[in-house]
Amino acid sequence: MSPQIALRKKASALTALVTATAIALTPFSAARAQAKGPPVLRDTETEQLLREYTRPILRVAGLEKQNIQMVIINDGSFNAFVADGRRIFVNWGAILQSETPNQIIGVLAHETGHLAGGHLSKLREQLAAAQTQMIIAMLLGAGAIAAGSTQRSSTGNNGLANAGAAAIAAPQEVIRRSLLSYQRQQEENADRAGVKFLAATQQSPKGMYETFKRFTSESLFAARGADPYLQSHPMPAERVAALQEFASSSPYWNKKDDPALQLRHDMVRAKISAFMERPETVYRRYPQTNDSLPARYARAISTYLHGDLRSALAQIDALIQVQPNNPYFYEVRGQALLESGKAAEAIAPLRKAVALSNNAPLIEMLLGQALVGTDNKAYTDEAVRILRAAVAREPEAALGYTQLAMAYGRKGDYAEADLASAQAAYLRGDNKTARELATRAKTRFAIGTPGWVKADDIVAAKPPRN
């Protein structure tokens, strides 16, 4: 292996190390299970709750106008992270495992601390500097190895070559420790910023402390004997102790979550469990003896998902009687009917869900799908109108464009159908199909019209580099 190739591989390894450790909430998360389905999950009810959790925190952090988005990751482990300065990523496992709103709010406050502190851009600067230092150190070491190899061939002495190898390894270790130390400081700063944001919004930091403390015992065994200077985050016990010290001084330390907010939190947890966990797990969490609204919600969803539509509809109708203005009960009823091949029957509950949710675009897409799914051309214009409004507000949702393409096809508007299909393929990452459909769409539109321009943009778009 040549020194140049080794150099590139070492630099690449350092980049991977820093990237991986920079975005994790904790260094002691459990091993990830293989996720099934799409990497990102969408649900109006869950996203709305997360937005309400983060809105006041972003406001006091000075990020209210930055349009920070909440993204739910299809992963059952407890984790949250920021990666690009525009989004906070939260595993569904983190929501499910947070027993109170305050616990997940504490996690979100911590991640907001990373955003407000500009830690990602600063980390990139540190990485760039470290790579420069590493390159210099490795070039000097490589020169010593080369000289040692020449000397060894004539004298049989490999001392200089060994010295060269040490010259490479030692600076790398110093640089790595320096970077990891910088990251540990970022985590400590994010903890402190999170507590400050919670105090400014009159919320307790106890949830953040409880969350971090819960994982301490798990990580202590794994970290036993570990060098604390090689940890990308502060050692868990030390981090929790430091967090308790400055968090417990908050005047809001003992403030409890509002009962109405706790109920909404429990409803979302029940929904996540029903959709993401096996039915036997759902029924262990929410047995028939549990008559709470969240438990009934979880069992109703799990029942429809696993084939008993009639029983599921009866359970959902009972929920609607308790909360007749809850849009998500109507959404689940419509979704159950739609996925059971009863598109026409799904229209009424989905109309109600759209109205009660203030025209939530993801629910509008379900309604559009039901309208298209009836094969009734009388619904076509309405479907087009609803789906166009939905994708205008959710331009990254492939489902909306797929259904819009079908609606345009029913109308015989094949130019718009091809364009919508191309947009759906592009969002799915199928760039080849997207370009083919967009190329065909261009031949159907007049040159220079909005549809032609959009199609041309897709044809010209370059796929992201890995």
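The model is predicted: local features need pLDDT of at least 70, side-chain atom pairs count only at pLDDT 80 or more, and totals for chains, interfaces and linings use all residues. Residues are numbered from 1 along each chain as its sequence is written, and side-chain values use heavy atoms, with hydrogens and water left out.

**Exercise 1. Overall make-up**

Solution: 
- Step 1. Buried means under 20% relative accessible area, exposed over 50%, and partly exposed in between (1.4 Å probe, protein chains only).
- Step 2. Take contacts with a separation of 6 or more: residues 24 or more positions apart account for 64% of them. Contact means heavy atoms within 4.5 Å.

**Exercise 2. Aromatic pairs**

Task: Classify the pairs Tyr209 with Trp253 and Tyr297 with Phe329.

Solution: 
- Step 1. Apply the rule: rings of Phe, Tyr and Trp (its six-membered ring) pair if their centres lie within 6.5 Å; planes under 30 degrees apart count as stacked, over 60 as edge-to-face and the rest as tilted. The count comes to four aromatic pairs.
- Step 2. Tyr209 and Trp253 have ring centres 5.8 Å apart and planes at 50°, so this pair is tilted.
- Step 3. Tyr209 sits in helix H7 (residues 206-214) and Trp253 in the loop between H9 (236-247) and H10 (259-276), so the pair ties together parts that are 44 residues apart in sequence. Both Tyr209 and Trp253 are buried.
- Step 4. For Tyr297 and Phe329, the centres are 5.2 Å apart and the planes at 70°, so the pair is edge-to-face.
- Step 5. Tyr297 belongs to H12 (residues 293-305) and Phe329 to H14 (residues 327-339), 32 residues apart. Tyr297 and Phe329 are buried.

**Exercise 3. Two helices**

Task: Check the span of H12, then locate the buried residues of H12 and H21.

Solution: 
- Step 1. The expected span is 1.5 Å times one less than the number of residues. For the 13 residues of H12 this gives 18 Å, and the end C-alpha atoms are 18 Å apart, which agrees.
- Step 2. In H12, 11 of the 13 residues are buried, so the helix is largely enclosed by the rest of the structure. Among them are Leu293, Arg299 and Tyr304.
- Step 3. The cover over these buried residues includes H2 (44-60), H10 and H14. Just after H12, Gly307 takes a positive phi of about 105°.
- Step 4. In H21 (residues 450-460), Gly451, Trp452, Ala455 and Ile458 are buried. Seen down the axis, they fall within an arc of 125°, so they line one face of the helix. The arc is that of the directions from the helix axis to the C-beta atoms.
- Step 5. Pro450 and Ala460 are exposed on the other side of H21. H19 (414-428) and H20 (431-444) are among what covers its buried residues.

**Exercise 4. Nonpolar cores**

Task: Name the residues that touch the most other members of the largest nonpolar core.

Solution: 
- Step 1. A nonpolar core is a set of buried Ala, Val, Leu, Ile, Met, Phe, Trp, Tyr and Cys residues joined through side-chain atoms within 4.5 Å.
- Step 2. The largest has 55 residues; Tyr297, Phe329, Met365, Leu367 and Leu404 touch the most other members. H16 (residues 361-373) gives the most to this core, with eight residues.
- Step 3. A second, separate core of 41 residues includes Ile57 and Phe246.

Terms used
Helix = DSSP H or I, 4+ residues; strand = E, 2+ residues; numbered from the N terminus.
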